Amino acid sequence: MPKWKNKGHEFDELGNYFKEHNEIVILGQDISDLSRIERKLEFLSKEGVKVRCERFNYLTYKLSQLFGKSLFGKNIIILIPEEDQRIMRRMSRISTFDTTKNLFSENRFFEKILPIFAVYVKDLVYFKDNSFLCTSVCNLNCEFCLNFTPYDKNKRHFSLEELKKNVDIFFNAVDMCGLFHISGGKPFLYPHLNELINYIFDNYKNKIFEIGLPTNGTIIPSDELLKTIKRCNVRMEIDDYTKAIPKLKNSFEKLKEKFKEFDITPVIHVTDQFIEMFPPRTKYGELGENALCCHYSECGASFRELINGKLSNCNYSSFATRAGLIEYNSDDYFDLNKFKPEMKTELVEFRLGYCAKGYSEFCKYCEGLPSINKYKSAGGKQIQGQLDLKKD
Ligand code: SF4
């Protein structure tokens, strides 16, 4: 259950195990996967954690040969690239290894385990990712927008000073963030985006593995902004709505050309379906506290939003608050303005899903992510004007 029962000590058992088992071996077939993971763990090696790569050629090696490479030392935890599931399956059959303690696949390790390892072994706060909005203004009006744009009567660009302060507060508490996601609304509509990216990169590049920036493919950024995106290694993500809105095809193709001109390789998400999170079909608010805790936990929403120096326990819940669908509820936030070093494990627990009530206020009105939500509609379906609130 995600409700705090022993705040600051929820992960003591695993954390204390890592204090004794803190040498990381990355075991995989492809050298590029090994070095990618090694780079993501550089912040730990710099602090003295032993991280090494062990190449395992699946076709020519036998597992027994790895014994000779001291892979089975007692301090070791093994990390397997996501691409090497066959190795993972073979290793998990060996009794020395336990997939809850010392043998992890890449995604699970970075999402759930590394934050615990980093804070218990090196007193460092690691977040896999974080969402951060620079504007709530958007040039589309998708009916099932996950920012709830059609309901938001106060869409606005946030002031640059306010955003810089937010970033400073965040990195005062967080030592390393895998993906720092600058989101919206539409970030390309934000007039100070260039300055904001430069500020984040120049001040915090040692605390961020990658800055992420999404776009809906409808706006062509300036050359100056594209140079900044290239300089700061920003991971560009384009949502491709052209199936639902064919008239976007032209601008989408132009944008791809423009990225090519600046040697930027975007990640393209074909968005042909939207989940229908709100309005809800079920009255979750009437199901009671335990059911709400289960709803939150089974949904597994893993993004958090940084807003006004506070971290939300679900980014969709803070988007809903901004859009006016629910009232602000302080239990749903970790206030980084009041952060002290002795709160590091609490912060990591919060980031991994623990919170005061065990759910988010918006869970009462939300159908959740695809893990629990079967309602879907055509992606990018546009509507006219403002939607009304129907919470009950
Ligand atoms: S049900 Fe909705 S509000 Fe609750 S955690 Fe999932 S996405 Fe967030």
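Q: What makes the shell around the ligand nonpolar, polar or charged by class?
A: Ala, Val, Leu, Ile, Met, Phe, Trp, Tyr, Cys and Pro count as nonpolar, Asp, Glu, Lys and Arg as charged, and the others, Gly among them, as polar; by this rule the shell has nine nonpolar, four polar and no charged residues. This is a predicted model, in which local features need pLDDT of at least 70 and side-chain atom pairs count only at pLDDT 80 or more, while totals for chains, interfaces and linings use all residues. Residues are numbered from 1 along each chain as its sequence is written.

Q: How many residues surround the ligand, and which are the closest?
A: A residue is near a molecule if its C-beta atom, placed from the backbone, lies within 6 Å of it, and 13 residues surround the ligand, the closest being Cys299, Cys314, Cys363, Cys366 and Gly368. Helix H11 (289-299) and helix H12 (315-322) are the elements that give two or more residues to this shell, and the largest share, three residues, comes from H11. Helices (H or I, at least four residues) and strands (E, at least two) are DSSP runs, numbered from the N terminus.

Q: How do you know that strand E1 is paired with E2?
A: Two strands pair if DSSP finds at least two bridges between them, and five bridges join E1 (residues 23-28) to E2, the two running parallel.

Q: Why is one side of strand E2 and of strand E4 left without a neighbour in the sheet?
A: The open sheet has the order E2-E1-E3-E4; E2 (51-55) and E4 (103-105) stand at the edges, each with a single partner strand, so one side of each has no neighbour there.
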